[in-house]
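Please look over the sequence and the fold below before reading on.

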Amino acid sequence: MLSHAEVLSALLRRRPGYSLPRAFYVDPGVYAADLEQIFFKDWIFACASAELPKSGAYITLEIGEAPVIVVRGADGQIRAFHNSCRHRGSRICSAAKGSAPKLVCPYHQWTYELDGRLLYARDMGADFDPSAFPLKPVHCRSAAGLVFISLAEVAPPFDAFAHMAARYVGPHGLENTKVAHQSTIVEKANWKLVLENNRECYHCSGSHPSLCRTFPDNPRLVGSSASDSAPEGRMHIEKCEAAGLPSAYVIDPAEQWRFVRIPFLGKAVSYTMDGKAAVSKRIGKIPMEDAGTCLFFHYPNTWNHFLADQALLFRVLPISPMETQVTTTWLVHQDAREGEDYDLNRLTEVWLHTNDEDRRIVEENQRGILSPAYEPGPYSELQESGVVQFVDWYAQSLQRGLTGGTRLAVAG
């Protein structure tokens with residue numbers, strides 16, 4: 001198990017443009033550093049606001065060993081709290097999602113309001129002050145229907161990202177969608193391998209027959225400027241921008257997040273086996289069926305696709321050095337009816353296939369890295385520039401954290 005000093009030394013010795021040294025995918029010390037310096041400091045995608053449709057609706061998630069509740073209050077506001085009772089620390093909510101008028105600890109029934117205030121604690125004596133024992137808050141912000149949380153003592157800046165999300169995601173109207181389906185799988189691989197696999201389509205033609213019916217695997221389609229973009233990508237952006245849809249490539253100066261809109265193959269308009277729309281009711285205010293897909297990533301744990309007929313959200317959470325939870329959520333118009341406006345199998349089959357194919361890919365990648373023969377190999381400048389960008393962001397973020405030092409705390 002590497003110490004923080006050894007992790008930092010390995011970072012400084014890594015070869016740019018090459019995959020990371022073996023320890024970064026297998027070592028418990030590196031995993032601990034990833035949690036402490038990235039997942040406990042950055043904004044982490046938690047859920048869509050549509051997953052919390054009414055007062056008392058909640059979801060739970062675990063970031064490392066930190067269990068968190070995200071809940072919609074009676075006032076409509078979405079808040080997040082550490083999922084730990086102020087009595088003796090028991091988890092308050094164990095289900096992945098649910099709905100409750102109050103948050104009640106199952107151990108001794110300490111009862112909390114949805115805004116975190118302690119309302120009831122039985123037999124604690126006349127001098128007990130409930131106001132001194134609210135749930136400990138976690139920073140929570142929403143942007144265009146996407147909910148993010150931060151475990152940092154002082155949360156990183158959020159407003160610039162929220163502004164851009166409102167421009168690019170806002171037209172898709174996520175606040176007026178509902179969950180059509182949600183899938184959670186565990187991939188037996190390091191979380192960085194999951195992200196690296198997503199950031200390239202070098203593997204797509206040989207691994208994703210369903211996806212490649214509609215999704216173009218041209219690495220030049222997504223360019224940071226008109227000069228390095230494929231002509232069909234430039235034409236699609238111009239068409240969408242003329243219709244009022246922000247679409248041009250935009251990236252955070254720190255390269256943590258990015259938005260861009262790209263076309264599907266041929267006459268395809270959605271992720272379906274025949275390329276036709278999966279849902280008859282469009283979401284938001286998308287002016288045309290062939291708006292393509294707005295691609296959005298936010299490191300360290302989410303990538304997303306926003307279409308005319310649906311939104312696809314992906315959440316990545318590390319479980320252990322070589323286990324990662326991947327949750328996929330399909331959002332459709334809140335008035336869309338299953339069996340009438342969409343068929344669930346048709347809506348989900350492409351990405352259910354793709355997710356399982358990706359799971360097998362990254363698990364084989366992990367097994368190969370465990371080999372004593374593994375050594376970092378070179379990335380393709382054409383096909384894997386996105387992987388280089390992610391790995392550079394990761395290495396710089398981890399190095400900055402290891403040399404700066406910030407402790408995990410609670411908001412408030």
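A residue is called buried when its relative accessible area is under 20%, exposed when that value is over 50%, and partly exposed in between. The model shown here is predicted. Because its relative accessibility is 39%, Arg91 counts as partly exposed, and Glu62, also at 39%, counts as partly exposed too. The side chains of Arg91 and Glu62 meet in a salt bridge, with 3.1 Å from N to O. Since Arg91 lies in the loop between strand E4 (78-82) and strand E5 (97-99), while Glu62 belongs to strand E2 (residues 57-63), the pair ties together parts that are 29 residues apart in sequence.

Another salt bridge joins the side chains of Arg337 and Glu340 at 3.8 Å, N to O, and both of these residues are exposed.

Within helix H8 (residues 344-369), Arg359 and Glu363 lie four residues apart, which is about one turn of the helix. Residues three or four places apart point the same way because an α-helix has 3.6 residues a turn. The side chains of Arg359 and Glu363 form a salt bridge of 3.1 Å, N to O, and a network of salt bridges links Asp356, Arg359, Arg360 and Glu363. Arg359, at 22% relative accessibility, counts as partly exposed, whereas Glu363, at 8%, counts as buried.

Where H5 starts, a side-chain oxygen of Asn190 comes to within 2.9 Å of the backbone nitrogen of Lys192.

Technical notes: Residues numbered from 1 in each chain as written. Predicted model: local features only at pLDDT ≥ 70, side-chain atom pairs only at ≥ 80, totals over all residues. Heavy atoms only, no water. Polar contact = N/O pair within 3.5 Å; in protein donor to acceptor, adjacent residues only side chain to side chain. Helix = DSSP H or I, 4+ residues; strand = E, 2+ residues; numbered from the N terminus. Salt bridge = Lys/Arg side-chain N within 4 Å of Asp/Glu carboxyl O. Buried < 20%, exposed > 50% of the residue type's maximum accessible area, 1.4 Å probe, protein only.
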